[in-house]
Amino acid sequence: MTRRPLLTVALYFTSGIILDVADGVSARYFDQCSKFGELLDVLLDRCGRIGMMMALCTFYPQHLFLLQLLVCLEVTGSFANLYRCALITHSVDVSAKTRSQDPWLVRIFFKEPITTLVIVGQDVCVAMLYLLHFSPGPMVSLGGTAHSLWMLLAQICSPFLIYRQVIVCFLLLLRSLGDLAELHHQQPKSDKKPK
């Protein structure tokens, strides 16, 4: 929605929050919690963020490779970690996303309120980059100099984006691939040869 960027950003935040709360409450109310539901919840969360990142790809073609890399890290890191958790825990609770062997940068990410702070910071950064494509936004005075509010918020929140996308997703991907390889080697070998 390039005609109403503020509405797009508002829908981006509110739809994600409302849908997340609604599906969680309804799943618990109807006692419909499952691995599939949790995986679907994660998938839907990623779809909104990836949609905004794809819009940024078209708005900032000079940074296309970097933005595509961030999207790939988002998808592969999240999927590999959820798949790893599903294989390792053998339980309905896939929310145990880390293990004691995971790097501390990953372990602290999954502790509240750090998780919420980082995800909101990342989403604010992406939303402000989206809005910057259309206008600098309101101007604020800092130290006698006027600055774009959208740019300031994007710069303030960019460490959250870097931490979440580059560090957490990359480390989760590496850790998950290592664990999956280990699980593969632990599987009993069949003595039967295929016909």
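Here are a few friendly notes on this predicted model, point by point.

1. Ground rules. In this predicted model, local features need pLDDT of at least 70 and side-chain atom pairs count only at pLDDT 80 or more, while totals for chains, interfaces and linings use all residues. Numbering runs from 1 along each chain as its sequence is written, and side-chain values use heavy atoms, with hydrogens and water left out.

2. Overall fold. The protein has six helices and two strands, arranged along the sequence as α-α-α-α-α-β-β-α. These elements are DSSP runs numbered from the N terminus: helices are H or I of at least four residues, strands E of at least two.

3. Packing and surface. Of the 195 residues, 32% count as buried; buried means under 20% relative accessible area, exposed over 50%, and partly exposed in between, with a 1.4 Å probe and protein chains only. Among contacts with a separation of 6 or more, 68% are between residues 24 or more positions apart (contact: heavy atoms within 4.5 Å).

4. Of its 17 lining residues, L66, L67, C125, L129 and L161 are the closest to the centre. Two or more lining residues come from each of α2 (35-59), α3 (64-89), α5 (114-132) and α6 (149-186). A pocket here is an open set of points on a 1 Å grid over the protein atoms alone, where a 1.4 Å probe fits, with protein on both sides within 12 Å along at least five of seven lines; lining residues have an atom within 4 Å of a point.

5. Who lines the pocket? Helix α6 gives the largest share of the lining, seven residues. By type, the lining has 14 nonpolar, three polar and no charged residues. Charged means Asp, Glu, Lys and Arg; nonpolar means Ala, Val, Leu, Ile, Met, Phe, Trp, Tyr, Cys and Pro; the others, Gly among them, are polar.

6. Aromatic rings. The whole structure has three aromatic pairs, meaning Phe, Tyr or Trp rings (for Trp, the six-membered one) with centres within 6.5 Å; planes under 30 degrees apart are stacked, over 60 edge-to-face and the rest tilted. The F59 and F134 rings are edge-to-face, because their planes stand at 80°, with centres 5.3 Å apart. F59 sits in helix α2 and F134 in the loop between α5 and β1 (139-142), so this pair ties together parts 75 residues apart in sequence. F59 is buried at 14% relative accessible area, whereas F134 is partly exposed at 30%. Ring pairs also link F59, Y130 and F134 into a cluster.
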